[in-house]
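Thanks for coming. I will take a few minutes to walk through one structure, and I will stay with the parts that can be followed on the screen.

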Amino acid sequence: ITRADEATYQGRSLLTGATDRAKDEPELAEGPFLQAERAYAEALHNVPGHSGALTGLREAYVEHFRCTLRLRNWTSAREKLRLARDAGLPEETAADLEQRLAALEAAPGDKIRLRAKALLDDARLDTRRKVSAEQAAQELISMKDPETVTVLLPALEKGVLGVARVAGAIA
């Protein structure tokens, strides 16, 4: 058994532990994933092109990517996906994972845009409003997201009175 084989075996064991940890406590899985990646990298250093180590490294990057998605760490997820591609991840699989990342990244923005739009649509009503201008302003402020400005600005530029009241309450 070579040093590369030993490091690959160690990487497999560490990866199994990291994957198990990521299921229950993803926030505590970063270290174990990095250890598994290091073990596979050591195997590849000892024997460049070692198929078991390369496969393991690719799997480690993909599992680490999945863990970072659960943690909503988009920057780290992109990095792990790039590393998995460098380690030979098939382009079709990489494209699927990238699409999943993009969808998860956009989801909070979509919810914020929809809620901000609903608040502004309500603000356009002169009578029978569901939410007062002050309440709408507080909710928009509490979202702490630039998407609220994206939704609010066009209505302000058009001079919509109810929206101006909401904006005035924000300012």
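**Helix packing around H3**

I start with helix H2 (residues 30–46) and H3, whose axes come within 9 Å and cross at roughly 160°. Before going on, note that this is a predicted model, in which local features need pLDDT of at least 70 and side-chain atom pairs count only at pLDDT 80 or more, while totals for chains, interfaces and linings use all residues. Residues are numbered from 1 along each chain as its sequence is written, and side-chain values use heavy atoms, with hydrogens and water left out.

A few terms, then. Helices (H or I, at least four residues) and strands (E, at least two) are DSSP runs, numbered from the N terminus. The axes are lines fitted to C-alpha atoms, for helices over the stretch in contact, and the angles run from 0 to 180 degrees between N-to-C directions. Angles under 35 degrees count as roughly parallel, over 145 as roughly antiparallel, 65 to 115 as roughly perpendicular, and the rest as oblique.

H2 and H3 are therefore roughly antiparallel to each other. Their crossing is left-handed, a word used if the near helix is turned anticlockwise from the far one by less than a right angle, with right-handed used if clockwise. On the H2 side the contact (heavy atoms within 4.5 Å) is made by Glu30, Phe33, Leu34, Glu37, Tyr40, Ala43 and Leu44. On the H3 side the residues include Gly52, Ala53, Leu57, Tyr61, His64 and Cys67. By class, the contact of H2 with H3 has eleven nonpolar, three polar and three charged residues. In that count Ala, Val, Leu, Ile, Met, Phe, Trp, Tyr, Cys and Pro are nonpolar, Asp, Glu, Lys and Arg are charged, and the others, Gly among them, are polar.

Next, helix H1 (residues 3–24) against H3 (residues 51–70). Their axes are 10 Å apart and the packing angle is about 15°. H1 and H3 are therefore roughly parallel to each other, and the crossing of H1 and H3 is left-handed. From H1, Thr8, Arg12, Leu15, Thr19, Ala22 and Lys23 take part, and they meet H3 residues including Gly52, Gly56, Glu59, Glu63 and Arg70. The contact of H1 with H3 divides into five nonpolar, four polar and five charged residues.

Which residues does Gly11 touch, not counting residues up to four places away in sequence? They are Ala36, Ala39 and Tyr40. Gly11 is found in helix H1 and is buried, with a relative accessible area of 0%; buried means under 20% relative accessible area, exposed over 50%, and partly exposed in between (1.4 Å probe, protein chains only). The C-alpha atoms of Lys23 and Arg70 are separated by 9.4 Å and lie 47 residues apart along the chain.

The axes of H3 and H4 come within 8 Å and cross at roughly 165°. H3 and H4 are therefore roughly antiparallel to each other, with a left-handed crossing. Here Arg58, Tyr61, Val62, His64, Phe65, Thr68 and Leu69 of H3 meet Trp74, Ser76, Ala77, Lys80, Leu81, Leu83 and Ala84 of H4. Nine nonpolar, three polar and two charged residues make up the contact of H3 with H4.

Is Thr68 buried or exposed? Thr68, in helix H3, is buried, with a relative accessible area of 1%. Leaving out residues up to four places away in sequence, Thr68 touches Asn73, Ser76 and Ala77. The C-alpha atoms of Thr68 and Ala29 are 9.4 Å apart, and the two residues are 39 residues apart along the chain.

In the loop between H3 and helix H4 (74–86) lies Arg72. Its phi is near 60°, a positive value in a residue other than glycine. Arg72 is partly exposed, with a relative accessible area of 44%.

Last, the chain overall. There are eight helices and zero strands. Of the 171 residues, 37% are buried. Among contacts between residues at least 6 apart in sequence, 61% join residues at least 24 apart.
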